[in-house]
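This report describes one protein structure for a reader who is new to the subject. Please keep the sequence and the model in view while reading.

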Amino acid sequence: MKETFTSAIHFENVSYQVNQMSILDNISGTFYKGKITTLVGPSGAGKTTLLKMCNALISPTSGEIFIDSTSILSMEPTALRKNIGIVLQNAPIIRGTVFENIALPFTLQQKKLTENEAILFLEVAGIDHTFLYRQAEDLSGGQKQKLSIARSLVNKPKILLLDEITSALDPTSASEIEQLIFRINKESQVTIIWITHNIEQAKRIGDFTWIMMEGQLLESGKSNILSTSRNEQVQHFLNGVHAK
């Protein structure tokens with residue numbers, strides 16, 4: 001029996017140009033609801049541009065993007081970004097306590113996050129409640145990334161966009177973040193779209209993978225395509241990665 005999947009985000013013939021330079025070229029594909037999809041490819045492939053389009057930080061030059069079958073153009077940006085969180089490689093931390101950082105999404109909405117609510121989000125992210133009133137700047141790199149993830153969960157997003165969130169971390173911290181994302185995905189059915197340069201990580205964490213190069217989507221499918229692809233450009237890219 002063929003497994004069926006529901007669309008969370010669908011790209012239809014999406015292109016993006018800057019000063020007549022093509023950054024994305026006619027991208028069509030679907031990110032499935034409740035699944036982890038990894039985006040891989042060399043630097044400059046257009047992965048971060050595509051990720052930012054998923055919550056309307058960037059708009060396509062042509063083509064359409066659909067969220068739950070609704071055109072992203074018809075959605076109010078603030079409401080959209082509550083449902084689609086984003087975590088970046090260098091977790092932006094504001095000066096102040098861990099509590100002030102985790103409460104930031106509510107603060108920007110003139111809402112109050114209670115201490116108990118903050119502790120719950122910290123616990124989900126694997127940060128002990130005793131860190132609540134520590135200065136965020138004093139945290140380790142891995143702890144800052146966990147804090148950034150916890151903060152992204154405050155709005156209870158249905159989709160989480162992750163851009164190279166473990167690339168600057170040591171192997172132990174990276175593994176902890178992977179397990180955290182797995183847990184968030186499985187327990188809350190949050191759809192995850194994760195850019196990574198680490199092919200082995202993509203194989204470990206991805207249900208699906210998109211392979212991008214020079215603004216094009218060369219191949220997409222279940223993550224075993226990283227081992228089975230017959231596409232010559234994909235094989236050349238993967239062989240180059242493993243040769244390093």
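## A pair of facing residues

F66 stands opposite S71 in β5. Two strands are said to pair if DSSP finds at least two bridges between them. Helices (H or I, at least four residues) and strands (E, at least two) are DSSP runs, numbered from the N terminus.

## Basis of the model

This is a predicted model, in which local features need pLDDT of at least 70 and side-chain atom pairs count only at pLDDT 80 or more, while totals for chains, interfaces and linings use all residues. Residues are numbered from 1 along each chain as its sequence is written, and side-chain values use heavy atoms, with hydrogens and water left out.

## The open sheet

β4 and β5 belong to an open sheet of 4 strands, in the order β2-β1-β4-β5, with antiparallel pairing. β2 (21-32) and β5 (70-71) stand at the edges; each has a single partner strand, so one side of each is left without a neighbour in the sheet. Strands of a sheet pair through backbone hydrogen bonds, either parallel or antiparallel.

Strand β1 (residues 7-18) runs antiparallel to β2, and 8 bridges join the two. S7 stands opposite Y32 in β2. Together β1 and β2 form a hairpin with 2 residues between them. In the turn, N19 has a positive phi of about 50°.

## A buried loop residue

T97 lies in the loop between β6 (84-87) and α3 (98-102). Is T97 buried or exposed? T97 is buried, with a relative accessible area of 12%; buried means under 20% relative accessible area, exposed over 50%, and partly exposed in between (1.4 Å probe, protein chains only). Apart from neighbours within four places in sequence, T97 is in contact (heavy atoms within 4.5 Å) with L132, Y133, R134, Q135 and A136.

## The protein as a whole

The secondary structure comes to 10 helices and 10 strands. The radius of gyration is 18 Å, close to the 18 Å that the globule rule gives for 244 residues, so the protein is as compact as a globular protein of that length. This radius is taken over C-alpha atoms, and the rule is 2.2 Å times the number of residues to the power 0.38.

Of the 244 residues, 47% count as buried. Among contacts between residues at least 6 apart in sequence, 67% join residues at least 24 apart.
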